[in-house]
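I opened this model to look at the ligand site first.

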Amino acid sequence: MGRLPSPGVAWYRKNLELPKSDSDKSIYLDIDGAMSYAMVWLNDQLVGGWPYGYASFRLDLTPYVNFGGPNQLAIRLDNPPHSSRWYPGGGLYRNVWLTKTNKVHIAQWGTYVTTPKVSAESAIVDLEVTVENNSKDSEEVTIENEIYELDEFGKPADKPVASFPEKSLRLPASERAKSHNSIQIESPKLWGPYPQQQPNRYLAVSKIILGGKTIDLYETKFGIRSLDFDSKRGLFVNGEHVYIQGVNQHHDLGALGAAFNTRAAKRQLELLREMGCNAIRMAHNPPASELLELCDRMGFLVVNEIFDCWERKKTPLDFHLIFPDWSEPDLRAFIRRDRNHPSNIMWSVGNEVGEQYTGNAGAAVAQRLHDIVKEEDPTRPTAASFNYAKPHMPITAVMDTVSLNYQGEGIRNAPAYAHLKGINTAPMYPQFHDTFPQKLILSSENGAAVSSRGEYLFPVAKGISAPVAEGAGGNGKHGYVSSYELYTAPFGSSADKVLGSLARHPFVAGGFIWSGWDYLGEPTPYYLSRSSYFGVIDLAGFKKDRFYLYQAAWRPDHPMVHILPHWNWPDRKGKTTPVHVFTSGDEVELFLNGESLGRKRKAQNEYRLRWDNVAYTPGTLEAIAYKNGKRWANSTVTTTGPASQIHLQADRSVITADGRDLSFITVELRDANNQLVPDANTPLSFTISGPGEIVATDNGDPSNLVSFTSHERTAFNGLCLVIVKAKPGHPGEIRIQAKAEGFGTSETIIRSQ
Ligand code: GAL
């Protein structure tokens with residue numbers, strides 16, 4: 001769980017003022033995420049609770065409210081130890097809302113939008129509205145629904161594009177009723193994954209009218225799109241093939257911990273998009289709603305996942321303890337909350353669950369979950385990811401799709417694993433495809449490659465994939481894994497091997513790398529570290545070399561070429577120092593100090609070019625890439641002088657003074673020629689003045705155990721990160737300074753407004 005303690009009991013208390021004039025209202029507490037086993041009291045009376053820390057839930061406070069007087073709200077959380085395989089966080093880490101409604105109102109998550117018929121010419125929009133009557137009288141209400149276009153920022157247009165015919169609905173006392181509405185929209189602006197398509201969205205505004213007065217107004221953002229899951233050709237969105245170039249993401253935000261922050265989440269998505277990623281698997285639990293909203297807005301496809309275990313445990317105090325009682329309410333709540341998000345294309349009900357090993361009993365659990373999903377949302381397919389189950393096992397037949405973790409590359413099929421006996425070494429895609437010819441196959445997890453940004457260890461493995469071994473791949477003493485990007489967890493495969501296997505099985509719809517960003521916890525292979533090595537992007541948000549390997553494959557039209565390693569090796573003069581190159585071109589000529597080391601061409605399903613016998617001599621490496629015989633891109637790597645200056649660069653120099661918006665400041669150690677020094681590991685300290693605060697610092701090194709809130713941090717291979725927020729309501733100039741002994745002080749200025 002990442003050497004970050006999060007278990008324990010926590011109490012939150014808050015006074016609520018609710019005027020006498022509200023005594024005819026319903027008062028709800030909406031909790032988006034409380035880690036975990038939440039229990040809620042109002043004025044000393046137990047209102048209720050919800051154990052799963054990733055769930056969003058609502059409690060009705062009304063019977064306990066003292067209208068016109070003081071109200072004491074109390075929330076108790078009890079986060080058990082050993083409840084998770086990664087860092088779960090603790091406390092109220094997502095938003096908490098007080099919701100006040102008329103007694104007659106649209107229920108929690110009370111709208112459900114589907115688009116059963118979609119074309120460029122027209123689309124049918126079905127809107128189901130659930131109205132709740134908390135009063136003791138039966139009521140007759142009118143429902144009005146309108147649809148507005150949303151702009152890219154989520155702002156609605158002035159005029160609606162469609163108004164549904166008015167409907168009336170009879171609501172018996174203390175009951176709910178549903179209204180079904182349907183309308184056709186001409187020339188709809190479709191939602192699709194960016195950049196292949198545009199993520200256009202609409203807003204449904206639903207009004208409840210009683211006695212001529214609007215008593216509730218409820219907004220539902222949605223998208224018009226069609227999905228087809230073709231077992232031979234993959235995913236089709238709006239009739240167009242979309243290859244899934246995805247990553248797995250855990251819920252934490254690195255140095256900021258598990259507490260959700262919209263800007264930090266957006267930064268994660270922005271960097272993933274730059275790599276060419278178009279899909280996120282929410283590993284392995286319901287994400288913050290705001291993250292799904294970002295995926296909708298930015299045009300990412302989402303596999304939305306709820307559980308990492310069912311009845312069979314993975315850690316002693318995980319969800320298996322409450323699975324029998326809570327799996328159904330949790331699953332229903334999850335689907336109702338998230339079923340209007342156009343980004344959401346699939347419901348995953350489990351990840352590598354122990355029920356893979358329990359034959360028919362396990363299949364029965366899977367069937368129960370699958371059936372619940374179908375009741376709540378028949379429009380999306382189900383999935384459960386298997387790292388063990390094989391086509392003949394009963395559990396694999398249950399879900400609509402086949403979701404495979406690591407089996408697609410043939411776990412351990414590299415020569416390096418040959419000594420492991422009794423393990424299936426062949427890619428498993430064909431077997432599943434033959435057994436389930438009608439089912440879409442997805443690589444829900446692949447890779448599990450590991451690296452520490454900017455660390456290179458010698459000698460370098462000769463094959464295209466190898467488990468980390470002491471010496472060449474890893475250095476346990478320092479907790480580093482080599483960034484030649486060939487090394488993996490024992491069951492994993494390098495990016496090269498994953499991409500090759502996917503390319504050789506074109507019926508597979510694509511896949512999700514484990515993992516997009518590094519995350520807190522699970523620091524395979526060095527369990528004294530705090531955070532993972534799996535990310536293509538490190539915990540601080542700095543790109544590892546692998547980023548460019550994927551970018552080359554996923555954005556073939558984006559001219560680029562990337563060289564590794566760096567060229568600062570004072571101790572390696574004359575020693576063999578392999579040079580690897582990633583490019584979206586097809587050929588590269590490599591030069592060392594102007595002398596050609598040869599021109600090489602990528603073979604089919606090859607993702608890197610390597611010059612294995614380069615004798616190190618200081619100077620400049622230059623790679624010139626070609627595509628179809630034409631010059632395509634070039635880049636250089638140069639031996640630098642010693643670090644002598646600090647350079648600060650904010651990702652955004654103007655932020656909102658709301659206490660939430662963030663500026664991420666990259667701190668670079670540079671030499672006298674202003675070049676980044678890739679092996680500079682200098683201790684730095686940071687200060688801030690003006691209406692801002694340093695929230696956290698990081699350097700992306702998983703083995704760095706300095707507290708994230710510290711204002712002192714040693715740069716890791718030239719880089720450091722400072723995360724700044726502005727004081728709410730105090731706009732102004734914020735100065736951030738960085739100091740290192742012998743370097744003097746450098747600063748950058750940002751503004752809050
Ligand atoms: C998978 C698992 C992930 C993560 C990954 C890397 O088996 O589903 O949650 O543990 O391996 O270790």
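Predicted model: local features only at pLDDT ≥ 70, side-chain atom pairs only at ≥ 80, totals over all residues.

**Entry 1: second largest cavity**

I began here with the element count. α1 gives the most to the lining of the second largest cavity, with four residues. α1 spans 262-275, and β22 (279-282) also supplies at least two residues. The volume came out at about 180 Å³. I listed 21 lining residues; nearest the centre lie His 250, His 251, Met 282, Pro 287 and Leu 291. By class I read 14 nonpolar, five polar and two charged residues in this lining.

**Entry 2: largest cavity**

How many cavities of 30 Å³ or more are there? I got six. The largest cavity holds about 270 Å³ of space. Its lining has 23 residues, and Tyr 52, Tyr 54, Ser 83, Asp 318 and Phe 319 are the closest to its centre. I sorted the lining of the largest cavity into 12 nonpolar, seven polar and four charged residues. Which domains does this lining draw on? Domain 1 (8-102) and domain 3 (243-447 + 491-554) each give at least three residues.

**Entry 3: ligand site**

I then turned to the ligand. Around the ligand I found Arg 85, His 284, Asn 351, Glu 352, Asn 405, Tyr 406, Glu 445, Phe 491, Trp 514, Glu 522 and Phe 534. The shell divides into four nonpolar, three polar and four charged residues.

Which distances do the glutamates show? I looked up three of them.

- Glu 352 has a polar side-chain atom 2.6 Å from a ligand oxygen.
- Glu 445 has a polar side-chain atom 2.7 Å from a ligand oxygen.
- Glu 522 has a side-chain N or O atom 2.4 Å from a ligand oxygen.

How much of the ligand's accessible area does the protein cover? On its own the ligand has 310 Å², and the protein covers 93% of that.

**Entry 4: backbone near two shell residues**

The peptide bond from Trp 514 to Ser 515 is cis, with omega near -5°. Ser 515 sits in the loop between β32 (508-514) and α7 (546-554). Glu 522 also lies in the loop between β32 and α7. Phi of Glu 522 is near 45°, a positive value in a residue other than glycine.

I logged a cis bond from Leu 564 to Pro 565 too, with omega near 5°. Pro 565 is in the loop between β33 (561-564) and β34 (579-583).

The largest pocket has a volume of about 1200 Å³. I counted 34 lining residues, with Trp 97, Trp 109, Tyr 218, Glu 219 and Ser 289 nearest the centre. Elements giving two or more residues include β10 (104-118), β17 (213-222) and α3 (323-338). This lining divides into 11 nonpolar, 10 polar and 13 charged residues.

The second largest pocket comes to about 970 Å³. Of its 37 lining residues, Lys 543, Tyr 548, His 562, Leu 676 and Leu 719 are the closest to its centre. Which element gives the most to this lining? I found α1, with five residues. Other elements giving two or more include β33 and β39 (630-638). By class, I noted 15 nonpolar, 12 polar and 10 charged residues in the lining of the second largest pocket.

Definitions and conventions: Residues numbered from 1 in each chain as written. Heavy atoms only, no water. Near = heavy atom within 4 Å. Polar contact = N/O pair within 3.5 Å; in protein donor to acceptor, adjacent residues only side chain to side chain. Areas by Shrake-Rupley, 256 points an atom, 1.4 Å probe, with all protein chains shown as cover. Nonpolar A, V, L, I, M, F, W, Y, C, P; charged D, E, K, R; others polar. 1 Å grid on protein atoms, 1.4 Å probe; cavity = no way out; pocket = protein on both sides within 12 Å on 5 of 7 lines; lining within 4 Å. Points joined across faces, edges and corners; volume = space filled by probe spheres on them. Domains from an automatic or database assignment.
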